[in-house]
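Try each task before reading its solution.

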Amino acid sequence: MTSLPETMTAIGFDAPGGPDVLKPQTRPVPKPGAGEILVAVAAAGINRPDVLQRLGGYNPPPGASDIPGLEFAGTVVALGDGVRRWQLGDQVCGLVAGGGYAQYAVVHESNALPVPAGLTLTEAAAIPETFFTVWTNVFQRGGLKAGESFMVHGGTSGIGTTAIQLAKAFGATVLATAGSDDKCAACRELGADHAINYRNEDFVAAAKAATGGRGVNVILDMVGGDYINRNYEAAADSGRIVQIAFLNGPKSEVNFSRLMLKRLVHTGSTLRPRTIAEKAAIAAELETKVWPLLAEGRCKPVIHQTFPLAQAAESHRLMESNAHIGKIVLTV
């Protein structure tokens, strides 16, 4: 640690508000605790929970950094006691509950993964939050299997672009909803078999038509609101609906008889508050089952635009515009 600076630049905010509350701040360089590594951050991904945190609606869990940022990639520069996997100089990407928008960040060694072969650090920074989220929700909780049908709402979001590629790579028929013809075309380019423009198509009718009237086996939903009832209509018998966000609100009037008659499962999860051990279990599966796909180029993080760390406010403005396709990344 002696060769490292005492302070660093990080992005923080003094009070909740619009994007302009995000400002560069001088913070102490964090010190890795037992089992943790310190990473010199090269790039950090922007995610919707960061926006919610900035608005005052999604505070970091106890013990986590108040600096926004749930994922990053960079070079290991210090090791905490007991670290076995990593060495100084290793290039990693990491999932954290906070602290990514900074020149240095700590992550538990089990929640870091090697930068996939052939990817840059900027590309690697766009992987952890979305790939962890999609894997645990679509494959672990939703149980998606080869030969089944899968639908993701918000197909051109960071989550959506990841879900399309992974579901396709593991043998599913993929449907995606998006808000424009251009975004639907982007979904198809990523592997979606059917792309539904929700502004001029009824996704329930389109989903049934695409599946021969059977409905969809697994639905990944980040919209909520009136989509909840419509997802029940669009789902197949014994379908699984996995909830990961509520962009249209968490409340809805729902006909629960469909849940019984179709034997549906409606589940959901959040990633940020889960334990280090739970995240480590997801990481282990990703490394075994998904990292080879990234190395082979069979799936990839889709990056819409990068911004320098000091322009974090501009990156949030872009995310809130919903004009992006894929991920937005800060470079350090």
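**Exercise 1.** Is Trp 135 buried or exposed in this predicted model?

*Solution.* Start with the cut-off: a residue is buried when its relative accessible area is under 20%. Trp 135 has 4%, so Trp 135 is buried. Now take Phe 139: its relative accessibility is 13%, and it therefore counts as buried too.

**Exercise 2.** Find where Trp 135 and Phe 139 sit in the chain, and work out how their rings are arranged.

*Solution.* First, locate the two residues: both belong to helix α3, which covers residues 128-141. Being four residues apart there, they are separated by about one helical turn. Next, look at the rings. By the ring-centre rule, the count comes to five aromatic pairs. For Trp 135 and Phe 139, the centres are 4.6 Å apart and the planes meet at 20 degrees. Planes under 30 degrees apart count as stacked, so this pair is stacked.

**Exercise 3.** Step back to the whole chain: how many helices and strands does it have, and how compact is it?

*Solution.* Count the elements to get 11 helices and 15 strands. The radius of gyration is 20 Å, close to the 20 Å that the globule rule gives for 332 residues, so the chain is as compact as a globular protein of that length. Then check burial: 55% of the 332 residues count as buried. Last, consider contacts between residues at least 6 apart in sequence: 68% of these join residues at least 24 apart.

Terms used. Residues numbered from 1 in each chain as written. Predicted model: local features only at pLDDT ≥ 70, side-chain atom pairs only at ≥ 80, totals over all residues. Heavy atoms only, no water. Rg over C-alpha atoms; globule rule 2.2 N^0.38 Å. Buried < 20%, exposed > 50% of the residue type's maximum accessible area, 1.4 Å probe, protein only. Contact = heavy atoms within 4.5 Å. Phe/Tyr/Trp six-rings, centres within 6.5 Å; stacked < 30°, edge-to-face > 60°.
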